[in-house]
Amino acid sequence: MLTAQRTKKDLYVGTDKHTWWKEAIVYQVYPASFKDTNGDGWGDVPGITQKLDYLKNLGVNILWVSPIYKSPQADMGYDIADYEDIDPSYGTLQDVENLIKEIKKRDMKLVMDLVVNHTSEEHAWFLDSRSSKESPKRDWYIWKPAKYDADGNRQPPNNWAQILGEANSAWTWDEKTQEYYLSLFTPEQPDLNWENPAVREAVHDVLRFWLDRGVSGFRMDVINLISKVQSFPDAEVTIKDSKYQRGDKFFANGPRMHEFIQDINRKVLSKYDTMTVGEMPFVRDEDEIIKVVGSEREELNMIFSFDIVDIDETPGDFRFTLHPWNARDLKGIINRLQRLMLERDGWNSVFIENHDQPRSVSRYTDDSDEFREYGSKLLCLMQTTLAGTVYVYQGQEIGMRNVPKSWDPSEYKDVWSINLVQKYEDMYPGNAEKQAVKRELLQKKARDNARTPVQWTSEAHAGFTSSDATPWMRVNDDYKTVNAAAQLENPRPSSGTLSVHAFWKRGLECRKENKDVFVYGDFKLLDPEHTKIIAYKRWSEKSAFATVLNFSGEKLTWTGLGDLKVRKWVAGNYDETEIGDKAKSGALELRPWEALLGMLE
């Protein structure tokens, strides 16, 4: 229920619905790159258990672990062959049971990744489905006959492009049964047919399996793709040089999506105390968002809105583009999502980094040696002072950045990156200019940037694995200076400066201590038209704060506080021994990438 009480000059709109998942700090573990304990170069479940005290000390309440189920790893575990077993590369079910036990000892919770739009082609369901057209499980997946062009050449059922390889069709031909199956991500990931009630019941059983073992909820992978328009029409041609087109208009937020999600909630989730977050790409409509996360809707607690992480993509084009943006664009998104949830009783997820995105310090700020720490802290201050459940991705808390520009494309392991490399080789063979573009796109946008092993120490392989092992993916070259051990050993490099890790730890503590403001309080954007500064007021009935962020590498004089007066600057990403000298009103001098948090009078 929204409350509305007048305080001084603002109409306060906050929420009085307090829950553990709103106040939680979620930390995403990408297990292959987190910590290896058996020396095979691949992260594992015991490695997660080994680092629980580190996470607890940081201020984490919930661990979200990316898929660790049995999988052939065509898409790093997002191609699941058995939902009720653990891939040997990660460990055993007993290892997971021990992880849950140790998590509960520390008063923390575990959230699993639920990937049920598709399975692996090696899942028993699909093996049965593709065995013959008469298989009892044939309609557990989406099968269609071929089309033929004027010359008699076989063509896919429609022109949808594959999400992880836009040069390819979203349909895969099965030679044995002479039909195509829908595989939106890769040919190894056939889409389930949610129109079939037996599929939905099987998915419900998967949820129960894990909830009964002590899991506290799910991050639901591309959950808004489970309902497709059943006529499977061609997509509009918007990308002229591509045979295949973006078909999300017909496979995202489909006609029965809300019915299917409400069914999950009613039959399974409502029987447990859970947290749910849906990954929902391609959705921008506010009414559609609220239909999922509105408190009375009984669907999901929150979703990942992609507006911020899509800010540098060309609208209507594929992922690998570099679209210009500025701080006004970014704060417009922030303001829209903050106000939407406050005014319509929904809930945000606050994230800017995950396993599918490049590193945030490289993407939104300046990751040079001169400014990397400032940029990392600026983004921390932004995340920890916005309304919604905060998500931290592994390595973000120490300011890990994108891979160096010098890396050859052969170093990139992700299927999306491999497909991009192949596309450029096919389309532009021998074209040095286009090959340079390819390298720039990979270095700035590839998912691999977030998947390099976590940099724990300055020792060999950054302490991710044993010194004589070979990591599954190359460690970022900067690990000797950017690593957790160095920041833990020296949390205050100078009297007025915190390490990135220490800054995150303090920011999370501040958020918890002032949850009436930063979790449940109101939000108002300041100076909305400025193209370099993002600033906003957060307040409750008891107190108020202003966050000021210089999203530029320039020194600026900013007067956007207006009639607000700062009683005390309480945090900054530069030397805090000098923070008391900052102006409390009027003109505020800001250094490149400077971030400030002030308590208001």
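**Close-up 1. The surroundings of Asn 301.** Asn 301 touches Trp 21, Thr 274, Met 275, Thr 276, Val 293 and Trp 347, leaving aside residues up to four places away in sequence, where contact means heavy atoms within 4.5 Å. This is a predicted model, in which local features need pLDDT of at least 70 and side-chain atom pairs count only at pLDDT 80 or more, while totals for chains, interfaces and linings use all residues. Residues are numbered from 1 along each chain as its sequence is written, and side-chain values use heavy atoms, with hydrogens and water left out. Asn 301 lies in the loop between helix H9 (286–293) and strand S17 (302–304); helices (H or I, at least four residues) and strands (E, at least two) are DSSP runs, numbered from the N terminus. Asn 301 counts as buried because its relative accessibility is 16%, buried being under 20% relative accessible area with a 1.4 Å probe and protein chains only.

**Close-up 2. The loop residue Asn 573.** Asn 573 is found in the loop between S24 and strand S25 (588–590), and it counts as buried because its relative accessibility is 1%. The side chain of Asn 573 reaches the backbone oxygen of Tyr 374 at 3.0 Å, and a polar atom of that side chain lies 2.7 Å from the backbone oxygen of Trp 593. Among the residues that Asn 573 touches, not counting those up to four places away in sequence, are Lys 377, Leu 378 and Phe 503.

Close-up 3. An open sheet is formed by 5 strands in the order S20-S21-S22-S26-S24, with antiparallel pairing; two strands pair if DSSP finds at least two bridges between them. Strand S20 (522–526) and strand S24 (566–572) are the edge strands, each pairing on one side only. Within the sheet, 5 bridges join strand S22 (residues 544–550) to strand S26 (residues 595–600), and Phe 545 stands opposite Met 599 in S26. Helix H12 (residues 372–384) packs on the sheet, where it touches strand S21 (533–539), S22 and S26.

**Close-up 4. The largest cavity.** The largest cavity has a volume of about 190 Å³, a volume being the space filled by probe spheres set on grid points that are joined across faces, edges and corners. On a 1 Å grid over the protein atoms alone, a cavity is a set of points where a 1.4 Å probe fits but cannot get out, and lining residues have an atom within 4 Å of a point. Of the 15 residues that line the largest cavity, Ile 308, Leu 337, Ser 349, Val 350 and Phe 351 are the closest to its centre.

Conventions:
Buried < 20%, exposed > 50% of the residue type's maximum accessible area, 1.4 Å probe, protein only. Axes fitted to C-alpha atoms, helices over the stretch in contact; angles between N-to-C directions. Polar contact = N/O pair within 3.5 Å; in protein donor to acceptor, adjacent residues only side chain to side chain. 1 Å grid on protein atoms, 1.4 Å probe; cavity = no way out; pocket = protein on both sides within 12 Å on 5 of 7 lines; lining within 4 Å.
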